Amino acid sequence: MKKKGILAVISGFSGAGKGTLIKELLQRHGEQYALSVSATTRSPRAGEEHGREYFFVSKEAFEQMIGEDALIEHACYVGNYYGTPKSYVEEQMEAGRDVILEIEIQGARKVKEKFPDTLLLFVTPPSAAELESRLRGRGTETDEVIRSRLKRAAEEAEFMEDYDYILVNDDLDTCVREMHELIQTQHFRTCSSLERIARIKEELRCL
Ligand code: ADP
Ligand code: 5GP
């Protein structure tokens, strides 16, 4: 039986280190994973490329994607639209790769509703002070945006319990290893093995 890829959602406060962790995960195990590239209406940061970090699109183009049912989910985050294109995710899962969605909590909930066997991981830094220091240290947002993101983090913290696992991103190397192990363990969960269970039941009936 061909192994199908699973869906793993990585959420977490802005500045927690999600992007850094995922980049490292892909460097170490690139053949096993596919990272979904989202569409967004926010402006690119210095160094970000269209089609690599995001598909940077206008509000009109984004709304057209919604109208054409081209997104698995979409959400508004601190004044901008973000959404997951459907076709790439489906192709990669069929090809047996585990697909990483780096998305916020509203999107995570929608994905879980559509695909109940999705693994939900939440990344947090060891403390709120460390979060603020990482967000400021990254130097990519204005003070006003940083404040909005920290306010949003306090709201998001209310939903941490909805996730399957909490990953503390203190030491990067440890956290990448833990992330990889948790995703690979998901392949053995009953919910990811329903086809296999059905087949063995049928085979046993026919003995
Ligand atoms: P996110 O994608 O969650 O918004 P980033 O990956 O952009 O966060 O990380 C935010 C900042 O924190 C970056 O400057 C990054 O280099 C730094 N960072 C990430 N992980 C760690 C870590 N384990 N220890 C110290 N700094 C980190
Ligand atoms: P950033 O602007 O820092 O790149 O991302 C802001 C937030 O949007 C992060 O929490 C990130 O996980 C989330 N995000 C990125 N892409 C998507 C997406 O396709 N859907 C949803 N729902 N959230 C996304």
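A polar contact here is a pair of N or O atoms within 3.5 Å; within protein, one must be able to donate a hydrogen and the other to accept it, and residues adjacent in sequence count only if both atoms are side-chain atoms. With that criterion, I begin at ligand 2, where an oxygen atom lies 2.7 Å from an N or O atom in the side chain of Arg149.

Before continuing, a word on conventions. This is a predicted model, in which local features need pLDDT of at least 70 and side-chain atom pairs count only at pLDDT 80 or more, while totals for chains, interfaces and linings use all residues. Residues are numbered from 1 along each chain as its sequence is written, chains are lettered from A and ligands numbered from 1 in the order in which they are written, and side-chain values use heavy atoms, with hydrogens and water left out.

Around ligand 2 there are 16 residues, of which Ser38, Arg42, Tyr54, Tyr82 and Glu104 come nearest; a residue is counted if one of its heavy atoms lies within 4 Å. Polar side-chain atoms approach oxygen atoms of this ligand at 2.6 Å from Arg42 and at 2.5 Å from Tyr54.

Which residues come nearest to ligand 1? Of the 13 around ligand 1, they are Gly15, Lys18, Thr20, Arg138 and Asn169. The side chain of Arg138 places an N or O atom 2.8 Å from an oxygen atom of ligand 1. The backbone contributes as well: a polar backbone atom of Ala16 is 3.3 Å from an oxygen atom of the ligand, and a backbone N or O atom of Asp170 is 2.9 Å from a nitrogen atom of the ligand.

Helices are DSSP runs (H or I, at least four residues), numbered from the N terminus. The axes of H5 (residues 128–138) and H6 (residues 143–156) come within 11 Å and cross at roughly 150 degrees. Angles over 145 degrees count as roughly antiparallel, and H5 and H6 are therefore roughly antiparallel to each other. Axes are lines fitted to C-alpha atoms over the stretch in contact, with angles from 0 to 180 degrees between N-to-C directions. In contact, meaning heavy atoms within 4.5 Å, Leu131, Glu132, Leu135, Arg136 and Arg138 of H5 meet Asp143, Ile146, Arg149, Leu150 and Ala153 of H6.

Finally, the axes of H1 (residues 18–29) and H7 (residues 172–186) come within 10 Å and cross at roughly 70 degrees. Since 65 to 115 degrees counts as roughly perpendicular, H1 and H7 are described in that way.

Methods
Helices (H or I, at least four residues) and strands (E, at least two) are DSSP runs, numbered from the N terminus. Angles under 35 degrees count as roughly parallel, over 145 as roughly antiparallel, 65 to 115 as roughly perpendicular and the rest as oblique.
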